Amino acid sequence: MSKVPHPDSDPITVKCAVITVSDTRTVETDRSGQLIQQLLGDAGHRVNAYQILPDEPDQIQGKLIQWCQRPDLDALIFNGGTGIAPRDTTYDVIASLLEKTLPGFGEVFRWLSYQEIGSRAIASRAIAGVYQSKLIFSLPGSSGAVKLAMASLILPELVHLVTQINIK
C-alpha cells in the first residue's frame with residue numbers, strides 16, 4: 001500500500017490540466033484559466049495541458065475522456081459552463097461521467113460563495129469527483145469564483161486528494 005506523505009516529507013507536485021469552457025474567450029482574454037494556471041504554479045504544481053473549448057457537450061466529454069488517459073496528468077480543472085443558461089453544459093457532461101463524486105466540494109463552494117455574493121450562489125453547479133483515477137474539478141468561469149475555489153478548497157486539498165486516489 002502506498003503511504004500518505006508525512007507533512008515533513010518533500011512536497012508533491014500535482015500534474016494538472018486546465019480547461020476553460022467558453023464560446024467567447026481566447027487565450028488573451030481567459031483571465032480565469034490564466035489565474036488557475038498561475039495559482040497552481042505558485043503552489044508548486046505543474047500545468048501540463050491547457051485548452052479553451054466551446055460549450056459543446058461532445059467536445060467537453062471528448063476532451064475529458066482523452067485527457068484522463070494521459071499519464072502526465074493527475075487532475076483536470078474545468079472553469080465555465082456551470083450555470084443554468086441553455087449553453088451551460090459543463091456540469092451535465094462531467095456529472096454524467098464521474099465515477100465518484102465529492103459532494104462536499106460543491107456544497108462548501110456554494111456556502112463560501114454565498115458569503116461573498118449572496119443568494120446568487122445557488123445558481124452555481126460547481127462539482128468535483130474522480131474519473132479514470134483522475135481528480136476532476138469544475139468551477140464557474142468568473143475570476144472571483146476561481147480565486148475562491150482555488151484558494152479555499154482546491155489548493156489546500158489537492159495533494160491529499162490525488163494521494164488518496166492513488167493508494168493501492
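**Salt bridges, aromatic contacts and pockets**

Asp-72 has a relative accessible area of 27% and is therefore classed as partly exposed, a term for values between the limits for buried (under 20% relative accessible area) and exposed (over 50%), computed with a 1.4 Å probe on protein chains only. The structure described here is a predicted model, in which local features require pLDDT of at least 70 and side-chain atom pairs count only at pLDDT 80 or more, while totals for chains, interfaces and linings use all residues. Residues are numbered from 1 along each chain as its sequence is written, and side-chain values rest on heavy atoms, with hydrogens and water left out.

Asp-72 takes part in a salt bridge with Arg-70, and the closest N and O atoms of this pair are 2.8 Å apart. A salt bridge is counted where a side-chain nitrogen of Lys or Arg lies within 4 Å of a carboxyl oxygen of Asp or Glu. Side chains of opposite charge can pair when their charged atoms come close. Arg-70 is likewise partly exposed, at a relative accessible area of 23%. Arg-70 also lies over the face of Trp-67, at 5.5 Å from the ring centre; for such a contact, NZ of Lys or CZ of Arg must be within 6 Å of the ring centre and within 35 degrees of the ring normal.

In total, the structure holds five salt bridges. One of these contacts joins the side chains of Asp-30 and Arg-25, with an N to O distance of 3.8 Å. Asp-30 is buried, its relative accessible area being 0%, whereas Arg-25 is partly exposed at 28%. Another salt bridge is formed by Asp-92 and Arg-125, whose closest N and O atoms are 3.1 Å apart. This pair links distant parts of the chain, 33 residues apart: Asp-92 belongs to helix H3 (residues 90-97), and Arg-125 to the loop between H4 and strand S5 (127-131). Helices (H or I, at least four residues) and strands (E, at least two) are taken as DSSP runs and numbered from the N terminus. Asp-92 is partly exposed, with a relative accessible area of 40%, while Arg-125 is buried at 19%.

Ser-119 is exposed, with a relative accessible area of 55%. Ser-119 and Leu-135 are 16 residues apart along the chain, and their C-alpha atoms are separated by 28 Å.

Aromatic contacts were examined next. A pair of aromatic rings is described by the distance of the centres and the angle of the planes. Rings of Phe, Tyr and Trp (its six-membered ring) pair if their centres lie within 6.5 Å, and planes under 30 degrees apart count as stacked, over 60 as edge-to-face and the rest as tilted. The structure holds two aromatic pairs. Phe-105 and Phe-109 form a stacked pair, with 6.4 Å from centre to centre and 15° between the planes. Both residues lie in helix H4, four residues apart, or about one turn of the helix. Phe-105 and Phe-109 are both buried, and together with Phe-137 they form one aromatic cluster.

Pockets were located on a 1 Å grid over the protein atoms alone: a pocket is an open set of points with protein on both sides within 12 Å along at least five of seven lines, and its lining residues have an atom within 4 Å of a point. The largest pocket has a volume of about 440 Å³, the volume being the space filled by probe spheres set on the points, which are joined across faces, edges and corners. Its lining comprises 24 residues, and Thr-82, Pro-140, Gly-141, Ser-142 and Ala-145 lie nearest the centre. Strand S1 (15-21), helix H4 (103-117) and helix H5 (143-165) each supply at least two lining residues, and H4 gives the most, with four. The lining divides into eight nonpolar, twelve polar and four charged residues. Here Ala, Val, Leu, Ile, Met, Phe, Trp, Tyr, Cys and Pro count as nonpolar, Asp, Glu, Lys and Arg as charged, and the others, including Gly, as polar.

Gly-141 is placed in the loop between strand S6 (134-139) and H5. Gly-141 is buried, with a relative accessible area of 16%. Gly-141 and Gln-34 are 107 residues apart in sequence and 11 Å apart in space, C-alpha to C-alpha.

The second largest pocket holds about 160 Å³ of space. Among the residues that line the second largest pocket are Glu-99, Lys-100, Val-130 and Gln-164. H5 supplies the largest share of this lining, three residues. The lining of the second largest pocket divides into four nonpolar, two polar and two charged residues.

Technical notes
1 Å grid on protein atoms, 1.4 Å probe; cavity = no way out; pocket = protein on both sides within 12 Å on 5 of 7 lines; lining within 4 Å.
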